[in-house]
Amino acid sequence: MEWVSNLKNGGAQENSSSGETLFGFEGKNIMTKRLYYADSYLKEFSGTVLECRQIDTKPAVVLDRTAFYPESGGQLHDTGMLNDAHVLNVLEDESGAIVHVLDRQIPAGAVTGRIDWARRFDHMQQHTGQHILSQAFIAVAQAQTLSFHM
């Protein structure tokens, strides 16, 4: 993988459309494997840093695989750790890559991720509860839930 080796060599490129600085990306379309689809109870995983970015002055990385859920559909993003860095935000970019915004930079290569399980489980329970509540509103009052944000 030429662009991963370029990342290790410190190559950088400006993304003029978003103002982000991409390191070693070279225009490749990165798609992150979403481990939470197969196992929403996964608390720890290993992966590889494929790309380093900067978002709103914070370092960010894209991994080849992740268990971190991005903010989506009203459901809040996961937090936790990638090696010794705190994951502050998780989002999906236009290409489908999952971007992990960090409190400090981490080097390219192997990484261990740990999900803040108390937060994830709380969000899972609230999400399920909202589905149950929405069905109750339909059954009792024929009132459909149009939008819900935690």
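Leaving out residues up to four places away in sequence, Ile106 touches Val49, Cys52, Val61, Leu82, Asp84, Ala85 and Val111. Touching, or contact, means heavy atoms within 4.5 Å.

A word on what we are looking at. This is a predicted model, where local features need pLDDT of at least 70 and side-chain atom pairs count only at pLDDT 80 or more, while totals for chains, interfaces and linings use all residues. Residues are numbered from 1 along each chain as its sequence is written, and side-chain values use heavy atoms, with hydrogens and water left out.

Now, the core. Which residues touch the most other members of the largest nonpolar core? They are Val61, Leu82 and Ile106, out of 19 residues in that core. By nonpolar core I mean a set of buried Ala, Val, Leu, Ile, Met, Phe, Trp, Tyr and Cys residues joined through side-chain atoms within 4.5 Å. Buried is under 20% relative accessible area, exposed is over 50%, and partly exposed is in between, with a 1.4 Å probe and protein chains only. Five strands each supply at least two residues of this core: S4, S5 (58-63), S8 (85-92), S9 (98-102) and S10. There is also a second, separate core of six residues, and Ile55, Ala60, Val99 and Val101 are among them. In soluble globular proteins, nonpolar side chains tend to be buried together.

Next, the overall layout. The protein chain has two helices and ten strands. These are DSSP runs, numbered from the N terminus: helices are H or I with at least four residues, strands are E with at least two. In sequence order the pattern is α-β-β-β-β-β-β-β-β-β-β-α. Of the 150 residues, 40% count as buried. Take the contacts between residues at least 6 apart in sequence: 58% of them join residues at least 24 apart. The accessible surface comes to about 8500 Å², and 51% of it belongs to carbon and sulfur atoms. That area comes from the Shrake-Rupley method with a 1.4 Å probe; for residues, only the protein chains shown count as cover.

On to strand pairing. Two strands pair if DSSP finds at least two bridges between them. S4 (residues 44-55) and S10 (residues 109-115) run antiparallel, joined by six bridges. In that pairing, Thr48 stands opposite Ala110 in S10. S10 also pairs with S7 (residues 80-82), in the antiparallel sense, over three bridges. There, Met81 stands opposite Arg114.

Now the aromatics. The structure holds five aromatic pairs. The rule: rings of Phe, Tyr and Trp (its six-membered ring) pair if their centres lie within 6.5 Å; planes under 30 degrees apart are stacked, over 60 edge-to-face, and the rest tilted. Tyr36 and Tyr37 have ring centres 5.0 Å apart and planes at 70 degrees, so this pair is edge-to-face. Tyr36 is buried, at 6% relative accessible area, whereas Tyr37 is exposed, at 63%. Tyr41 and Trp117 make a tilted pair, 5.7 Å centre to centre with 45 degrees between the planes. That pair links distant parts of the chain: Tyr41 is in the loop between S3 and S4, Trp117 is in helix H2 (residues 117-141), and they are 76 residues apart. Tyr36 and Tyr37 also form one aromatic cluster with Tyr69.

Two buried loop residues next. Pro70 sits in the loop between S6 (65-66) and S7. Pro70 is buried, with a relative accessible area of 2%. Its C-alpha atom is 4.6 Å from that of Leu91, 21 residues apart along the chain. Beyond four places in sequence, Pro70 contacts Tyr36, Gln75, His77, Val90, Leu91, Glu92 and Ile98.

Thr32 is in the loop between S2 (21-23) and S3 (33-34). Buried or exposed? Thr32 is buried, with a relative accessible area of 3%. Its side chain reaches the backbone nitrogen of Ile98 at 3.0 Å. That is a polar contact: a pair of N or O atoms within 3.5 Å where, within protein, one must be able to donate a hydrogen and the other to accept it, and residues adjacent in sequence count only if both atoms are side-chain atoms.

Last, backbone angles. Most residues other than glycine have a negative phi. Thr57, in the loop between S4 and S5, has a positive phi of about 70 degrees. Thr57 is exposed, at 67% relative accessibility. Asn83, in the loop between S7 and S8, has a positive phi of about 50 degrees. Asn83 is partly exposed, at 25%.
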